[in-house]
Amino acid sequence: MEANISLKTGTAAGTLLSVIPNLHSEDILKTVVLAVIGAIVSFTATLILKMLTKVRKK
């Protein structure tokens, strides 16, 4: 069964419009803070793994 683009767009827009009224500013702030912390941890872990692999190759 082939999905229609307008069906996908309508579903996505309906989902977004039903979620927006339930979002509060503190939820958005918490999400941003958690995303920043996650990015920092991921970047740090990548640097540590790169250093460990360089040491092992030598």
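1. Buried means under 20% relative accessible area, exposed means over 50%, and partly exposed is in between (1.4 Å probe, protein chains only). By that cut-off, 0% of the 58 residues of the protein count as buried.

2. This is a predicted model, in which local features need pLDDT of at least 70 and side-chain atom pairs count only at pLDDT 80 or more, while totals for chains, interfaces and linings use all residues. Residues are numbered from 1 along each chain as its sequence is written, and side-chain values use heavy atoms, with hydrogens and water left out.

3. The protein has two helices and zero strands. Its radius of gyration is 21 Å, well over the 10 Å that the globule rule gives for 58 residues, so the protein is more spread out than a compact globule. That radius is taken over C-alpha atoms, and the globule rule is 2.2 Å times the number of residues to the power 0.38. Along the principal axes, the C-alpha atoms fill a box of roughly 55 × 40 × 10 Å. Helices (H or I, at least four residues) and strands (E, at least two) are DSSP runs, numbered from the N terminus.

4. Helix α2 has 33 residues, and at 1.5 Å a residue it should span 48 Å; the C-alpha atoms at its ends are 48 Å apart, which agrees. The expected span is 1.5 Å times one less than the number of residues in the helix. Zero of the residues of α2 are buried, so this helix lies largely in the open.

5. The protein exposes about 5600 Å², of which carbon and sulfur atoms supply 72%. Accessible areas come from the Shrake-Rupley method with a 1.4 Å probe; for residues, only the protein chains shown count as cover.

6. Val19, Leu23, Ile28, Val32, Val36 and Ile40 make a nonpolar surface patch of about 500 Å². Helix α2 (residues 25-57) gives the largest share, four residues. Leu23 sits in the loop between α1 (5-19) and α2, and is partly exposed at a relative accessible area of 43%.

7. Met51 lies in helix α2 and counts as exposed at 54% relative accessibility; Met51 and Gly10 are 41 residues apart in sequence and 47 Å apart in space, C-alpha to C-alpha. Gly14 lies in helix α1 and counts as partly exposed at 36%; from Gly14 to Val55 the separation is 41 residues in sequence and 52 Å in space, C-alpha to C-alpha.

Terms used:
Patches are made of residues with over 30% relative accessible area and no salt bridge: like charges are joined within 9 Å, nonpolar side chains (Val, Leu, Ile, Met, Phe, Trp, Tyr) within 5 Å. A salt bridge is a side-chain nitrogen of Lys or Arg within 4 Å of a carboxyl oxygen of Asp or Glu.
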